[in-house]
Amino acid sequence: MMRFPCLGKEVVCLCIASCLKIARLFRSFCFLFSWYFRFLLLRVNSFCVQLLYFVFLSLLGFWVLKASRPLTHSFRPRDLDLFFTSVSLATVSSMSTVEMEVFSNSQLVVMTVLMFVGGEVFTSLAGLHFRKLKLQSLLKTEEKVASVHANLCPSNPTNDVVDHVELAVVTNSDCLNSRVEPQLHGPRDESPDLDYLKYRSANVLCLVVLGYLLGVNVLGVAAVSLYMILVSSARDVLKRKGLKMMTFSIFTTVSTFASCGFVPTNENMAVFSKNSGLLLILIPQVLLGNTLFPSTLQLVLWLLGKFSKKAEIDYLLSRTGEIGYKHLLPSLYSSLLVVTVLGFIGVQFIMFCSMQWDSESLDGLNSYEKIVAVLFQCVNTRYTGETIVNLSKVSPAILVLFVVMMYLPPYTSFLPAKGGEELLGNGERKKAKRSHKLMLKSLIFSQLSYLAIFIITICITEKEKMKKDPLNFNVFNIVVEVISAYGNVGFTIGYNCDRQLRRIEGCEDKWYGFSGKWSDEGKIILIVVMIFGRLKKFNMKGGRNWILL
């Protein structure tokens, strides 16, 4: 232990010694906590881990937002609405029950962090990191086994030698048939052990995804900031709204790439409908952060393989299912995914233009601005949810198409695969079914069944409003809101006071979602729907044991 000369200052020496002890205790606590946390994550079911993660993130976000200084003291959101907003941020759903412009700059920063750590790319990167830790622990176990076998197996074995080690009996034939050669410390040029190559490949994939996450966000922030500096009309909007340019750039970029869809303006992106350049900057971020993420990741790995010639890159490209990373898809699937995504966008674009070109929703825009605006709207129907039109003024046929787009999983591909290449999730391609789980799986409902239950339950909680205000509180509007929450999109029909059959005194149209007018019970159910939708990947095969004859 280091000794300090007291020089008559015993109190100072005592304080220093106490600080050193506290530092050691804190270091030990951090070590034990990290060890326990790692132990828990490596052994608990992935569904439970992610469920706890989003619930904890929502509670933490609610506490920080509540503790942060509000924009004005005259209006504070209710606790339930604040928690609803926190869940919407953590699950990147962008469902709103309060207007965005009531939040202060510090609260917008907190919301940006929640969206970033709740986005699919970030959470998948965290899962990939713990997958790498599992492979590392497996390698250490195999290294120990190899060391034990090397000590047990003689260099010149004979058939008569039998060694007893504790309760295990290892014979010469066992040693010869179960040799383990991990080559953990071999030269880089030599052919490495397959498990070690798998671990190194997971490590490389972590770095690639991290670079992808940071690179797209940094470039997006730079592009949006530059646009705001150069285009005065967009900059004037921020001045009129009292928003800081850097806060808006970071918030909007993170929200777009994380597929959240929140924008720090009440009107979302409708206020920028004439700023076609800004919309064109955001469109690639929408695609790169969600539907085209696997295809872009495959392209990045292919380019790295062309220049680096590393064995890890070849392993990742040739054995996409071995790492267990959901977003690393086979090359064929990645190619078909691009065609499918562009096809969906094309169908929506053609239908929207043909039915809404001269409608009220696109008033005031020239032909070029209309084309960019409609393209932006169609790209956002799948999981991001930023909008430039009032959906209550859109044709019902287009709204039905939007509902279908919101329901479909992000990596949907209807094109056939050739050569028997399986297009299932990476973690499930070679997973053997266990008999003790069959009973539980047989009781799981399909996604549509759960959605039907949620819609029926909300219709029950809102039955009085459906009687008194049937034009706003109709089943179709509720279905759109529930499907939007399930798909973590954020589209909403909204609430219009002009549709009331009996005018309510003091009714004022607000720039928040239709769910903002729901009862507290309905909002709580929609919170469950948002979390359920964020974890829907764990139940994509539900309901297969229910047979209709």
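Student: Which cysteines form a disulfide, and how far apart are their sulfur atoms?

Tutor: A disulfide is a pair of cysteine sulfur atoms within 2.5 Å. Here C497 and C507 form one, with sulfur atoms 2.0 Å apart. A search of the whole structure finds one disulfide. Note that this is a predicted model: local features need pLDDT of at least 70, side-chain atom pairs count only at pLDDT 80 or more, and totals for chains, interfaces and linings use all residues. Residues are numbered from 1 along each chain as its sequence is written, and side-chain values use heavy atoms, leaving out hydrogens and water.

Student: What is the handedness of the disulfide of C497 and C507?

Tutor: The torsion about the S-S bond is about -80°, so the disulfide is left-handed.

Student: Is C497 buried or exposed?

Tutor: Buried means under 20% relative accessible area, exposed over 50%, partly exposed in between (1.4 Å probe, protein chains only). C497 is at 1% relative accessibility, so C497 counts as buried. C507 is buried too, with a relative accessible area of 18%.

Student: At what angle do helices α11 and α13 pack?

Tutor: Axes are lines fitted to C-alpha atoms, for helices over the stretch in contact, and angles run from 0 to 180 degrees between N-to-C directions. Helices are DSSP runs (H or I, at least four residues), numbered from the N terminus. Helix α11 (residues 293-308) and helix α13 (residues 331-356) pack at about 130°, their axes 8 Å apart.

How values were computed
Helices (H or I, at least four residues) and strands (E, at least two) are DSSP runs, numbered from the N terminus.
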